[in-house]
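Dear colleague,

Please find the structure for your review below. A summary of the findings follows it.

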Amino acid sequence: MSYETIIVETDGRVGLITLNRPKALNALNSQVMEETIAAAKAFDEDDEIGAIVLTGSEKAFAAGADIKEMQALNYVEAYGRDFFGQWERFAATRKPMIAAVSGYALGGGCELAMMCDIIVAADTAKFGQPEITLGVIPGMGGTQRLTRAVGKAKAMDLCLTGRMMDAEEAERSGLVARVVPAAELIATARETAKKIASFSLPSVMMAKEAVNRSYEQPLSEGLRFERRMFHSLFATDDQTEGMAAFTEKREAQFNNR
Ligand code: CO8
């Protein structure tokens, strides 16, 4: 598939998706959505890919849903086609995804970063949910994923005032895993993705699934789910190899089986 609003590349076992509508600060229109979902799905289905990096430009990861596209929507259309509900297909990607955020991650941009598993931020990053200033509210997870990530106090502050928080505050609040100098952002995200992709894919995918499960159910059920996943990994060659390599003091050679 050829893409017009994103750039898709690979680097070894890492799949890279770069949002590429620089004139609109990577505002997310329907085409960006369809292409990004398709690219993530293709990487998810590709046995040669072990992790995915999603990034934008230096100035903007994404400045939100495309306001100019949304402006003319009416209620019946928005509800009828479940406007932007399709992004949940991106969020359902099973391989790990790293959002490498530089500049603005606002509205749907912040929400898209939160659909990824790890957010690495440049020290220039700015996160916010400014929908309230447009007479609407967040619609792709800003009241839900953000609250789970940073707690009620900060989520309320951001959703109700529309203010931005910088990378340092975002890291302090638990939204961001790491902050790095802007010049090192892409290299850090790629290296992190490469590291993840070097491990056994079934265990990587199960770790992601188990962490995400913690949001969906009570602790006792989450612990049981985690334990059952752990047990199931003893059916893989990679468990045998990983533990043998440790005792034999050598590096493990995983083959994702
Ligand atoms: N949509 C469309 N175009 C945009 C957007 C956007 N979100 N953001 C920026 N642009 C465009 C501008 O219109 C401008 O285009 P033009 O040159 O043709 O006028 C170009 O990008 C450059 O932008 P600025 O000139 O404004 O650049 P500045 O550096 O002055 O300002 C800002 C940068 C602060 C990021 C500013 O552009 C801004 O405030 N943008 C809007 C941010 C915003 O409100 N985002 C939230 C959008 S709503 C949303 O995301 C809802 C998500 C949920 C939807 C799902 C529902 C189910």
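This is a predicted model: local features need pLDDT of at least 70, side-chain atom pairs count only at pLDDT 80 or more; totals for chains, interfaces and linings use all residues.

By class, the lining of the second largest pocket comprises 16 nonpolar, six polar and two charged residues. The space in this pocket amounts to about 600 Å³.

The largest pocket holds about 1000 Å³ of space. Its lining consists of 33 residues, and Met 115, Cys 116, Asp 117, Asn 212 and Tyr 215 are the closest to its centre. Two or more lining residues come from each of helix H4 (87–91), helix H5 (108–115), strand S7 (118–122), helix H6 (145–150) and helix H10 (201–213). Of these, H10 gives the most, with eight residues. The lining of the largest pocket divides into 20 nonpolar, four polar and nine charged residues.

As to the chain as a whole, it has twelve helices and ten strands. The C-alpha trace spans about 60 × 40 × 40 Å along its principal axes. Of the 257 residues, 44% count as buried. Among contacts with a separation of 6 or more, 67% join residues 24 or more positions apart. The chain exposes about 13800 Å², of which carbon and sulfur atoms supply 55%.

Yours sincerely

Conventions: Residues are numbered from 1 along each chain as its sequence is written. Side-chain values use heavy atoms; hydrogens and water are left out. On a 1 Å grid over the protein atoms alone, a cavity is a set of points where a 1.4 Å probe fits but cannot get out, and a pocket is an open set with protein on both sides within 12 Å along at least five of seven lines; lining residues have an atom within 4 Å of a point. Grid points are joined across faces, edges and corners, and a volume is the space filled by probe spheres set on the points. Helices (H or I, at least four residues) and strands (E, at least two) are DSSP runs, numbered from the N terminus. Ala, Val, Leu, Ile, Met, Phe, Trp, Tyr, Cys and Pro count as nonpolar, Asp, Glu, Lys and Arg as charged, and the others, Gly among them, as polar. Buried means under 20% relative accessible area, exposed over 50%, partly exposed in between (1.4 Å probe, protein chains only). Contact means heavy atoms within 4.5 Å. Accessible areas come from the Shrake-Rupley method with a 1.4 Å probe; for residues, only the protein chains shown count as cover.
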